[in-house]
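Student: I would like to learn how to read a structure like this one. Could we go through some features in turn?

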Amino acid sequence: MKKEITVVIVGTGTVGRELIRRLVLLTESGHSYFEPITHIFFHKETPRQENVARIAKLNHLISRGVVPRLCVNESQINAFRNIGMNPDCSTEEVLQKASVIIDATPAGAKNKERYDKLAPQAICI
């Protein structure tokens, strides 16, 4: 049975967006090293209208690679839907399944304790 790897990227600023883009392109390449990556989630903390267009730019990358999917805090799901962003699931739910968590936010190191608690099985970067 093929091992499935779920990658969660926290933050979609300059670094986070580029990580998402590169992961999608790498999974698209067909190289066996990236084959186990079956899910790419990205976490947004705050629903902001100006982020809608920035996140939409990620969609043009998708042709045959792994589709990056939006996850948000459970309490924010409706707020994101109200601005036209449709989360696939809650971040809490995704963290429980995560294999790798990459925090691309300025507070990344401070969040490690949270990830260790919610996702003890994951490698946190």
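Tutor: Buried means under 20% relative accessible area, exposed over 50%, and partly exposed in between, with a 1.4 Å probe and protein chains only. The model is predicted, so local features need pLDDT of at least 70 and side-chain atom pairs count only at pLDDT 80 or more, while totals for chains, interfaces and linings use all residues. Residues are numbered from 1 along each chain as its sequence is written, and side-chain values use heavy atoms, with hydrogens and water left out.

Student: Which side chain does Asp 88 meet in a salt bridge?

Tutor: The general idea is that side chains of opposite charge can pair when their charged atoms come close. A salt bridge here is a side-chain nitrogen of Lys or Arg within 4 Å of a carboxyl oxygen of Asp or Glu. Asp 88 pairs with Arg 69, at 3.9 Å from N to O. Asp 88 lies in the loop between α3 (77-82) and β4 (89-90) and Arg 69 in strand β3 (residues 68-72), so the pair ties together parts that are 19 residues apart in sequence. Arg 69 is partly exposed, with a relative accessible area of 27%.

Student: How many salt bridges does the structure hold?

Tutor: There are four salt bridges. One of them joins the side chains of Glu 18 and Arg 22, at 2.6 Å from N to O. Glu 18 and Arg 22 are four residues apart in helix α1 (residues 14-28), and about one helical turn separates them. Glu 18 is partly exposed, at 28% relative accessibility. A network of salt bridges links Glu 18, Arg 21 and Arg 22.

Student: Where do Lys 112 and Asp 116 lie?

Tutor: Both are in helix α5 (residues 108-118), four residues apart, which is about one turn of the helix.

Student: How many positive and negative side chains does the protein chain have?

Tutor: In this count Lys and Arg are positive and Asp and Glu negative, with His and the chain ends not counted. The place of a charge is taken as NZ of Lys, CZ of Arg, CG of Asp or CD of Glu. The protein chain has 17 positive and 13 negative side chains, and the centres of the two sets are 4 Å apart.

Student: In what order do the elements run from the N terminus on?

Tutor: Helices (H or I, at least four residues) and strands (E, at least two) are DSSP runs, numbered from the N terminus. The protein chain has five helices and six strands, and their order is β-α-β-α-β-α-β-α-β-α-β. The radius of gyration, taken over C-alpha atoms, is 14 Å, close to the 14 Å that the globule rule gives for 125 residues, so the chain is as compact as a globular protein of that length. The globule rule is 2.2 Å times the number of residues to the power 0.38. Along the principal axes, the C-alpha atoms fill a box of roughly 40 × 35 × 25 Å.

Student: What percentage of the residues count as buried?

Tutor: Of the 125 residues, 42% are buried. Phe 80, in helix α3, is buried, with a relative accessible area of 0%. Contact means heavy atoms within 4.5 Å. Leaving out residues up to four places away in sequence, the contacts of Phe 80 include Lys 44, Pro 47, Val 72 and Met 85. Phe 80 and Lys 44 are 36 residues apart along the chain, with their C-alpha atoms separated by 9.3 Å.

Student: Is Ala 98 buried or exposed?

Tutor: Ala 98 is buried, with a relative accessible area of 1%. Its place is the loop between α4 (91-97) and β5 (100-103). Not counting residues up to four places away in sequence, Ala 98 touches Thr 6, Val 8, Gln 121 and Ala 122. Ser 99 is in the loop between α4 and β5 and is buried, at 19% relative accessible area. With the neighbours up to four places away left out, Ser 99 touches residues including Glu 4, Ile 5 and Ile 123.

Student: What percentage of contacts join residues at least 24 apart?

Tutor: Among contacts between residues at least 6 apart in sequence, 63% join residues at least 24 apart.
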